[in-house]
Amino acid sequence: MSDDNFFKTTDPLCFGPFTLRIAERLLERDGVPVDLGGRAMDVLLVLVAKANAIVSKQELMAKAWPGMVVSDGSLRYQITMLRQALDDGQDGARYLSNIVGRGYCFVGRITKAAGGSDAQLAVAEANPVEPGLPAQPVELVGRAKELAAIAAQLPKGRFVTIVGSGGVGKTSVAIRTGQDLLGDFGGAVVFVDLSMLLDPGLVPSAIASMLGLSVRSADPVPSLIAYLREKRMLLILDNCEHVIAAAASLAERIFQAAPRIHILATSREALRVQGEHIHLLDPLATPPDQPGLAARDILMYPAARLFVDRAGASGAMPALNDDDAPVIASICRKLDGVALAIELAARRVAAYGLHQTAALLDERLALSWLGQRTAQPRHQTLQATLDWSYELLDMSERAVLCRLSVFVGHFSLEAAREVAAAEDLTQAQVVDAIASLAEKSLLSIRRSATSTQYRLLESTRAYAQSKAGADLADAAARRHAIYFRQRLEQMARKDDAFSRDTARASDLADLGNVRAALAWCFERADARDLGVSLALAAVPAFMAMSLLAECHDWSKRALGELTAATRGSAAEMHLQAAVGLSQMFTRGHSDEVRHALERSLQVAEELGDARSQVELLGRLQIFHERIGDFVESLGHARRCAAVAASIDDATAQATAHSLVGLCHHLVGDQPRARHFLEAAIAGAAVSRQRSSIYSGFDFHNRACIALARTLWLQGHPSQAVVVAQRAVEEARQLNHPVTLCIALIWAVSVYMWVGDLAQAEQDIDRFIAYAESHSLTPYLAVGRGVKGELAVKRGDAARGVQAIQGSLIELRESRYELLTTSFNITLAEGLNATGRHDDALELMNDTLALVHAKGDLYNLPELLRVKARAFSGAVPPRAADAEDSLRQALAASRQQGARSWELRVAMDLARLWETMGRAQEGRDLLAGVLAHYTEGFETADLQEAGRLLGDSTA
């Protein structure tokens with residue numbers, strides 16, 4: 001809607017207690033007109049019309065003083081009058097924000113009045129809180145100035161750290177700032193809670209996980225930086241103090257490398273890095289110690305307002321009188337204005353009354369609170385309050401609180417019951433104690449539509465740990481490890497276990513607890529067997545969440561703890577498999593990877609575990625395929641099929657069919673490839689299960705994309721495109737990085753074969769971006785090679801040759817040889833195009849020797865065809881050699897059932913024979929091949945064949 005239409009609208013707008021009637025230029029508060037000057041009304045209307053957008057001072061002055069020249073002071077005066085009329089900043093209300101150096105912004109949430117029309121309004125409503133940003137359950141009291149200052153500093157300086165003591169409200173201010181700035185950042189506000197991390201080295205992984213990135217390298221930082229480099233978002237790093245070195249270093253790197261990322265950190269000490277602006281968050285202001293304070297006087301101070309608000313929320317203090325005012329002022333002063341301490345005290349008023357609460361505080365805090373300046377930093381402001389709260393608990397509540405301190409981050413009621421219950425407490429008693437602890441503010445609660453979770457504040461958790469004796473703590477830690485081992489084992493049996501989209505917050509919290517449990521187990525000699533079983537149970541979770549570096553480290557640690565009695569066990573089998581697969585992705589295709597996978601297979605065979613043999617043979621098939629040994633890869637696929645045939649398992653048989661079909665496709669037997677690939681797809685549908693992506697790939701999806709390539713080779717280009725598109729979409733929905741990359745790269749080959757270079761480029765760009773974001777280093781080299789292929793096919797042969805040569809060097813360094821032959825073919829085409837026919841001929845001869853040795857024979861007809869072109873381009877032309885090479889290519893394509901290669905060879909033979917005076921022979925050959933086609937006449941090769949025959953209908 002234009003500005004003119006906006007100012008004529010009759011629909012009232014509401015924000016807070018105010019109603020704005022635009023056409024009437026009337027502002028009402030609770031139905032009562034607000035006395036607002038004309039200039040101030042002009043300013044308000046302009047700001048509301050562009051809510052959540054920054055309006056420059058020049059635009060405001062032009063609208064409010066049209067045709068006049070006025071100073072900034074006039075505008076500042078009207079803004080001041082407007083803020084006073086709106087009570088902006090009072091009781092947490094916030095409507096106007098001053099963006100230093102840029103202008104002003106209306107930040108209140110605007111709605112249409114009840115009964116308003118459905119006319120479209122050009123008003124940008126505040127964005128709803130994203131799932132990744134914690135909700136603010138209550139109004140933030142007394143922080144309007146701090147919020148305005150931080151909101152003004154972030155756009156200007158980009159990096160602000162909120163520094164203050166424990167319990168002062170740093171996290172609450174950070175969350176509220178994120179909510180207020182959602183509109184400014186288009187909803188791109190990401191909250192990362194670092195409090196659950198025990199290992200500073202996991203800071204990059206924690207950030208990557210909340211961004212939805214899969215970390216597939218030992219060092220995730222480069223991929224994280226690459227992902228953020230062009231993004232614009234607000235990144236909130238909460239609770240940095242216990243991992244401060246790691247958090248500071250990473251924040252500095254992000255700040256320097258990603259110029260559109262804004263960082264808001266919270267910590268008990270400054271990060272002390274380049275670019276950081278420190279905002280000291282002081283305790284809330286408290287009423288002074290002076291006689292005669294009335295109720296209206298103390299409510300001028302945010303500490304007292306917070307106390308009254310929270311006490312009222314707990315069901316106490318229905319009315320505030322002047323007799324109570326000095327007592328409340330005294331409580332707020334004794335608690336030093338620390339928000340958390342005030343809330344803890346206020347919620348006791350319902351149980352003990354205001355005066356008894358003050359008396360209890362006097363007893364507990366008169367000495368200890370004011371004298372704890374030498375205590376540990378996290379206890380300087382909350383130790384006495386926590387002492388007092390702890391003393392108010394009965395024995396069962398104390399025991400439960402201490403046992404719950406073993407949890408890192410959030411936990412479920414089920415987990416709490418299993419860990420806190422023991423000989424002295426039943427699960428029913430634990431449930432009652434948890435309810436009581438939550439009511440007493442010692443447990444925070446997070447509710448969603450599907451679950452309720454609990455969490456001990458970090459200061460409370462540390463306090464409870466100090467109160468727990470060694471025996472109690474060890475017993476709780478052991479039950480904690482056992483519980484999460486059992487939970488992981490149960491989740492691994494579900495199809496959507498540790499999904500990247502389902503219950504992400506719960507999954508991440510569980511992984512924090514799993515890490516803590518693993519660390520405890522491996523630190524104690526009497527718990528290492530438990531650590532081994534926990535690490536084993538954690539493998540599927542780490543795999544599915546793409547935390548492969550962690551999977552490798554914990555599995556390797558667990559392998560080192562195996563005893564002579566457990567060597568050759570199922571535990572060793574699974575751990576060796578995890579080490580091999582995770583190392584293959586994060587550290588390359590080394591002999592160590594092969595040895596780990598082969599040892600795992602050996603154990604599976606000794607145990608007679610056929611299902612595991614199927615999966616492990618599949619992993620070995622993948623390993624040899626990736627290093628370019630297609631003969632060995634086919635051997636493992638056949639062994640897999642033999643094992644799968646011996647057991648009654650439809651999923652295993654579908655997996656084996658997928659492997660065999662793919663291998664036959666690569667070695668050049670397209671009819672047999674299609675048979676097995678279609679059987680794999682049908683078998684997966686019958687079993688109603690999908691092969692596990694824990695192995696790094698989805699075999700059903702690989703079968704689909706391999707079938708697309710096979711269909712093109714067999715002469716069904718239109719079907720090939722449809723199947724390729726479907727496979728890519730399916731892989732995207734799976735949300736598994738390697739599976740999607742495989743689908744994309746092989747779909748790109750189909751698009752290039754049919755001549756749709758625009759679609760090929762679009763998908764290869766997606767492939768490169770995705771590989772870069774998920775640290776899939778070999779795939780980045782593949783992407784650059786494909787870009788080189790596109791350059792050659794578009795006529796820029798010199799640039800394409802250079803790109804492909806660079807890609808091949810990188811791929812050889814990582815022993816990734818799957819696409820070497822394909823790249824060599826296009827490289828030779830580029831060399832031919834630039835007149836380097838001898839170089840192309842030498843390259844094709846070397847590649848032919850490699851193909852015959854390693855087995856990717858599906859490329860053989862195309863190799864021979866491109867070799868023939870090198871002969872034809874030689875000086876003088878070697879027509880006889882070219883014809884011989886093409887006849888070999890024709891025979892090979894027919895033997896393989898590869899009609900599309902046959903068509904290309906027939907076109908080249910027709911061209912060659914025309915120069916030799918045998919044009920009709922060439923036309924007959926080409927017409928005979930073309931007669932077999934029933935589809936795909938819009939594709940490049942068929943169009944070219946039609947032109948050669950002079951058939952405009954082809």
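The model is predicted: local features need pLDDT of at least 70, side-chain atom pairs count only at pLDDT 80 or more, and totals for chains, interfaces and linings use all residues. Residues are numbered from 1 along each chain as its sequence is written, and side-chain values use heavy atoms, with hydrogens and water left out.

- Buried means under 20% relative accessible area, exposed over 50%, and partly exposed in between, with a 1.4 Å probe and protein chains only.
- Helices (H or I, at least four residues) and strands (E, at least two) are DSSP runs, numbered from the N terminus.
- Leaving aside residues up to four places away in sequence, Val 782 is in contact (heavy atoms within 4.5 Å) with Ile 745, Phe 767, Ser 807, Leu 811, Tyr 816, Leu 819 and Phe 823.

**Aromatic pairs**

- There are 13 aromatic pairs. Rings of Phe, Tyr and Trp (its six-membered ring) pair if their centres lie within 6.5 Å; planes under 30 degrees apart count as stacked, over 60 as edge-to-face and the rest as tilted.
- Phe 407 and Phe 411 are stacked, at 4.3 Å centre to centre and 20° between the planes. Both residues are buried.
- Ring pairs link Phe 407 and Phe 411 with Tyr 454, Tyr 483 and Phe 484 in a cluster.
- Phe 522 and Trp 554 are also stacked, with 6.1 Å between centres and 15° between planes. Phe 522 belongs to helix α23 (residues 504-523) and Trp 554 to helix α25 (residues 548-560), 32 residues apart.

**Charges over rings**

- Arg 709 has its charged end over the ring of Trp 746, 4.4 Å from the centre. The criterion is NZ of Lys or CZ of Arg within 6 Å of the ring centre and within 35 degrees of the ring normal.
- Arg 232 lies over the face of Phe 185, 4.5 Å from the ring centre.

**Sheet**

- An open sheet of five strands runs β4-β3-β2-β1-β7, with antiparallel pairing. Two strands pair if DSSP finds at least two bridges between them.
- β4 (32-33) and β7 (111-112) are the edge strands; each has a single partner strand, so one side of each lacks a neighbour in the sheet.
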